[in-house]
Amino acid sequence: MAALPPGVGSDDRIVLFDGECVMCSAGARLLIRCDRRARFKLGTIQSAEGKRLLAWHGLPTDAPDTFILSEGAKLYVRSTAYVRILWRLGLLLRIVAICL
């Protein structure tokens, strides 16, 4: 079993976003509305916890221009993170069905 960041459980799904970005904050609010089962924990990249998680994964803590999903010891960034979140919410298949 892979080691986990301090304070993170193996089933935790943590979304880190840029808290200073208006669009990112709006996306986080949308995620909260769509996540009715509270599958995800949200935090900003600028927070102490966010910086600790970034540092544990070996990412720079002074570059908030990204979107991150941490699932236990695994880390996904940008579009991969978005797709995994949509999949976990059951929205990805709905979006694909609408596009077809």
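# Strand pairs, a crossover and helix faces

Guide: Strand β4 (residues 74–77) is joined to β3 by four bridges, and the two run antiparallel. This is a predicted model, in which local features need pLDDT of at least 70 and side-chain atom pairs count only at pLDDT 80 or more, whereas totals for chains, interfaces and linings use all residues. Residues are numbered from 1 along each chain as its sequence is written, and side-chain values use heavy atoms, with hydrogens and water left out.

Visitor: Why are two strands said to pair?

Guide: Strands are DSSP runs of E of at least two residues, and helices are runs of H or I of at least four, both numbered from the N terminus. Two strands pair if DSSP finds at least two bridges between them, so β3 and β4, with their four bridges, qualify. L69 stands opposite Y76 in β4, and the two strands form a hairpin with two residues between them, where G72 in the turn has a positive phi of about 65 degrees.

Visitor: With which strands does β1 pair, and in which sense?

Guide: β1 pairs with β3 in the antiparallel sense over four bridges, with V15 opposite L69. β1 also pairs with β2, over four bridges in the parallel sense, and I14 has K41 in β2 as its bridge partner. From β1 the chain crosses through helix α1 (residues 22–34) to β2, in a β-α-β crossover that is right-handed.

Visitor: What makes a crossover right-handed?

Guide: The strands are set pointing away from the viewer, and the path from the first strand over the helix to the second must run clockwise; the crossover from β1 through α1 to β2 is right-handed in this sense.

Visitor: How do you know whether S25 is buried or exposed?

Guide: Buried means under 20% relative accessible area, exposed over 50%, and partly exposed in between (1.4 Å probe, protein chains only). S25, which is found in helix α1, has a relative accessible area of 17% and is therefore buried. S25 touches F17, D18 and G19, not counting residues up to four places away in sequence, where contact means heavy atoms within 4.5 Å.

Visitor: Why is C21 called partly exposed?

Guide: Its relative accessibility is 22%, so C21 counts as partly exposed, and C34, at 34%, also counts as partly exposed. As for disulfides (pairs of cysteine sulfur atoms within 2.5 Å), the count comes to zero.

Visitor: What puts the buried residues of α2 on the same side?

Guide: The buried residues of α2 (residues 48–56) are G50, L53 and L54. They cover an arc of only 100 degrees around the axis, taken from the directions to the C-beta atoms, which puts them on the same side of α2. On the other side, E49 and R52 are exposed, while the cover over the buried residues includes β1 (13–17), β2 (41–44) and β3 (68–71).
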